Amino acid sequence: MFNDNGSFLLALFEFFLFFAWFMCLFWVFGDIFRSSDLGGGAKTLWVIFVILVPWLGILVYLIARGGGMQQRQLEQARAMQAAQAEYIQSVARPTGSASSATEQIASAKSLLDSGAITQAEFESLKAKALA
């Protein structure tokens, strides 16, 4: 397949360029669709430009809008983290019927009677329920 050393190095360089272009393409497309300051028409034009003239499109995009790429990615990460924290709090929040102090103390008493917790742990749970 490779007749001399130069053809192998050239093939390796071509593979590297293809891989680099593919990664840049994913980053640019992700940023185009993540960007909230671009309308649908502008996003469409950027996508068409990047598809029709790949290397030039990516370079022009990086020059024109590259400065805000990291900021948009951080904003998305913060929004996802806030949504996850809100979901965890909504799931971990006790429901209305199980949150009453009487039911918490009764549950702790049944654990004490079964031997799952000690008297000190029961008193601690009882104090938390009454607080």
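**Ground rules.** I am working with a predicted model, where local features need pLDDT of at least 70, side-chain atom pairs count only at pLDDT 80 or more, and totals for chains, interfaces and linings use all residues. Residues are numbered from 1 along each chain as its sequence is written, and side-chain values use heavy atoms, with hydrogens and water left out.

**Salt bridges.** I found that the structure holds four salt bridges (a side-chain nitrogen of Lys or Arg within 4 Å of a carboxyl oxygen of Asp or Glu). D31 meets R72 in one of them, at 2.7 Å from N to O. Since D31 sits in helix α1 and R72 in helix α4 (residues 69-92), this pair ties together parts that are 41 residues apart in sequence. I noted that helices are DSSP runs (H or I, at least four residues), numbered from the N terminus. R72 also counts as buried, at 13% relative accessibility.

D31 forms a salt bridge with R34 too, and their closest N and O atoms are 3.7 Å apart. R34 and D31 are three residues apart in helix α1, so about one helical turn separates them. R34 is partly exposed, at 24% relative accessible area.

I then turned to R65 and D37, whose closest N and O atoms are 3.2 Å apart in their salt bridge. R65 belongs to helix α3 and D37 to the loop between α1 and α2, so the pair ties together parts that are 28 residues apart in sequence. R65 is buried, at 13%, whereas D37 is exposed, at 56%. Back to D31: shared partners join D31, R34 and R72 into one network.

Which residues does V28 touch, leaving aside its neighbours within four places in sequence? I listed V50, I58, Y61 and L62 as being in contact with V28 (heavy atoms within 4.5 Å).

Technical notes. Helix = DSSP H or I, 4+ residues; strand = E, 2+ residues; numbered from the N terminus. Buried < 20%, exposed > 50% of the residue type's maximum accessible area, 1.4 Å probe, protein only.
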